Amino acid sequence: MKALAQGASMLVVIVIVVGGTAGIGAALGLGGVTILAGLTALFCFIAANGGPLRADLKLLAVFAPVVVIGGALPRLLGELSHVAGVVALVIVVFVAALLPVFGSRFVTVGLGLGMASVFGFGFQITGGASGWQIIGAPAVAVGVVIILRTLMGAGDPDKPTRVALADALIGNTGSAERAARVWLADRPRVWQSRVLGAAARFRATMTVLKDRQRALPAAEAEALGEVLASARAQMDTLAAAVKAKSTPDDLPPVTRAEPGVPLPGATGRLLDDAWRMVDSVHEAVTTRDRSTSDFPRHFIRQLLRREMEGAFSWRSAQLRHAIRCALGMAIALTIASFRPGDPLTVSFLMTTFAIMQPEWRDTLTKAWQRVGGALAGAAVLALVLWLLPQSALLPIALVALLVGFPFMQTQPMLFNGCMVFLSVGMNASTRHLDPVHTLIEYVLLMAGAVAIGLLFGFLAVPGVPRPPLSARLADATTEIQRLLGLVSNLLRGDEVLGRTVGLRFREATRAHQNLIAPAPGSKAPAADQQEALDEASDGLRGLAGSSLALFRLGNTAPALAEFTADAARALDNGVEPPEPPTGLDDEQQLIADMVVADLLRVRHARPALA
């Protein structure tokens, strides 16, 4: 029932976005490209929704012209030269497949750009269209999305930032990286900065303490477990306060629980660290210093630029994926060129683009969802054609659309089956085609799209070795050590060239991408190993971002020089993470806390990946 309710709400949003945009397009005289405007609006809305209002509008400011160009340019060039249009679309698909290197948020951005461009090129416009209509369709779409996004977020613009920070305090999967990125993209507030640093360090410290608890004798383990449960419960209460628009008046003070028995080694110190983080979050939430954090805005641009530079390497898994996508789309477009005017071309091209994923297991899953859905939908539709007249196809297609959309995310195979009814039923009814021949053609085109997607989803790039996971982890760790060591020299006052740091950062980014990209045909990691891989990946990526922040400080923070050098050494197995020096300002303290938290995460994940 919950999934159905979510699907129904999604359907309402889709109707508003697509229907509203199509209505405006029709009023403006877009003619046959009205449907292109509606679906482009849907792709843009998916890509630029989910973050704080300020960040989403900034993303739209960049993304909107790119979508207009990507949606219109291949089609316009295709009117002059089919080859030029194909080349333009292949380039757009390459860029869209490379965008996820910036982080998980840009997965939907790349998907939206690619889908809008592929649909715009493949959609056969009945009756033709002028140049201004082809340009006007995506322009109207992004205009509607900007207005809708502004109206949706005006009441509480920074709510997504607070929700992300609260998730990081609770410790949900992938929450730490998302919180850091949302905080950076929004206007950073001082109280949010303190919550972010404390959340990262609290979660990492608690993970280490849980490991130590399993190794302690029964009495000590039970005492430590009670203290950890108390700390988690109080942090959950604080997470609810962080999520709220204003601090609750009845927020209780922090009450420290003591184990009552001596704890061996560094366990007591780690427990004190965890409670200090709880105190830090409580103070930040109760004071809510809303002044803007002294964090340079150009840092985000530098971080994104360094990550993109790291992707442009023949050894980069993301670059190889983008090349495979471009080649696969070129093959699909070549096949489609032999079928001019075919109304099913757009389904063929979009299926090909959707199947090709950075990870081969995701490619295989997408292919199976398409194959299973298409075969099941074709079987049911064949039964419908046998029992009912052709005049019933159009209403059945519309009903299938309403039935399928609520299950688009929860049951993609069912959704794909419903799309068989939509594509075949609508085209057969509106274009007066033979429904049986149209159904057979649809199944064959889907089979071709799956074949292309699988081929280029599994294709290996020659000359690129595929080392085991342990070797990829060692490579990524070594590159981060080198980067931290170079930054440490800069903090001491040594002369370090910016391009040297840039080279080290590119190598660290490349090694990180290869760490998380599995080799085609390899066995899927066990659940605990996949969890450790995600944790190590997030920790190493966080250390790379902190290195860039430390580099920006230059020789103005000599107190952090030895700390950074110790952090590099702590990446060796068995070396304890360093304690941040005293007397740091808010920005420096945040960076230091993030470094310690990420070191603890890498250390915790290493044994499972050896």
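The questions and answers below go from the whole chain to single contacts.

Modeller: This is a predicted model, in which local features need pLDDT of at least 70 and side-chain atom pairs count only at pLDDT 80 or more, while totals for chains, interfaces and linings use all residues. Residues are numbered from 1 along each chain as its sequence is written, and side-chain values use heavy atoms, with hydrogens and water left out.

Biologist: How many helices and strands are in the protein?

Modeller: Helices (H or I, at least four residues) and strands (E, at least two) are DSSP runs, numbered from the N terminus. By that rule the protein has 0 strands, and its helices number 23.

Biologist: What share of the residues counts as buried?

Modeller: Buried means under 20% relative accessible area, exposed over 50%, and partly exposed in between, with a 1.4 Å probe and protein chains only. Of the 610 residues, the buried share is 52%.

Biologist: Which residues of α14 and α15 make the contact between them?

Modeller: The axes of α14 (residues 345–355) and α15 (residues 360–387) come within 8 Å and cross at roughly 145°. Axes here are lines fitted to C-alpha atoms, for helices over the stretch in contact, and angles run from 0 to 180 degrees between N-to-C directions. With contact meaning heavy atoms within 4.5 Å, α15 supplies Thr363, Lys366, Ala367 and Arg370, and α14 supplies Thr351, Ala354 and Ile355.

Biologist: Is Thr351 buried or exposed, and which residues does Thr351 touch?

Modeller: Thr351 lies in helix α14 and has a relative accessible area of 3%, so Thr351 is buried. Leaving out residues up to four places away in sequence, Thr351 touches Arg370, Met446 and Ala449.

Biologist: How many salt bridges does a search of the whole structure find?

Modeller: A salt bridge is a side-chain nitrogen of Lys or Arg within 4 Å of a carboxyl oxygen of Asp or Glu. Searched over the whole structure, that rule gives a count of 16.

Biologist: Which parts does the pair of Arg149 and Asp56 tie together?

Modeller: The closest N and O atoms of this salt bridge are 2.7 Å apart. Both Arg149 and Asp56 are buried. Because Arg149 lies in α6 (residues 131–153) and Asp56 in α3 (residues 53–80), the pair ties together parts 93 residues apart in sequence, in helices α6 and α3.

Biologist: Which residue meets Arg162 in a salt bridge?

Modeller: Arg162 is buried, at a relative accessible area of 2%. Its side chain meets, at 2.8 Å from N to O, that of Asp156.

Biologist: Where do Arg569 and Asp566 lie, and how many residues of α22 are buried?

Modeller: The side chains of Arg569 and Asp566 form a salt bridge at 2.1 Å, N to O. Arg569 is partly exposed at 40% relative accessibility, and Asp566 is partly exposed at 25%. Both lie in α22 (residues 561–570), 3 residues apart, about one turn of the helix. This helix is largely enclosed by the rest of the structure, because the number of its 10 residues that are buried is 7.

Biologist: Which ring lies under the charged end of Arg288?

Modeller: A charge sits over a ring if NZ of Lys or CZ of Arg is within 6 Å of the ring centre and within 35 degrees of the ring normal. The charged end of Arg288 sits 4.4 Å from the centre of the ring of Trp191.
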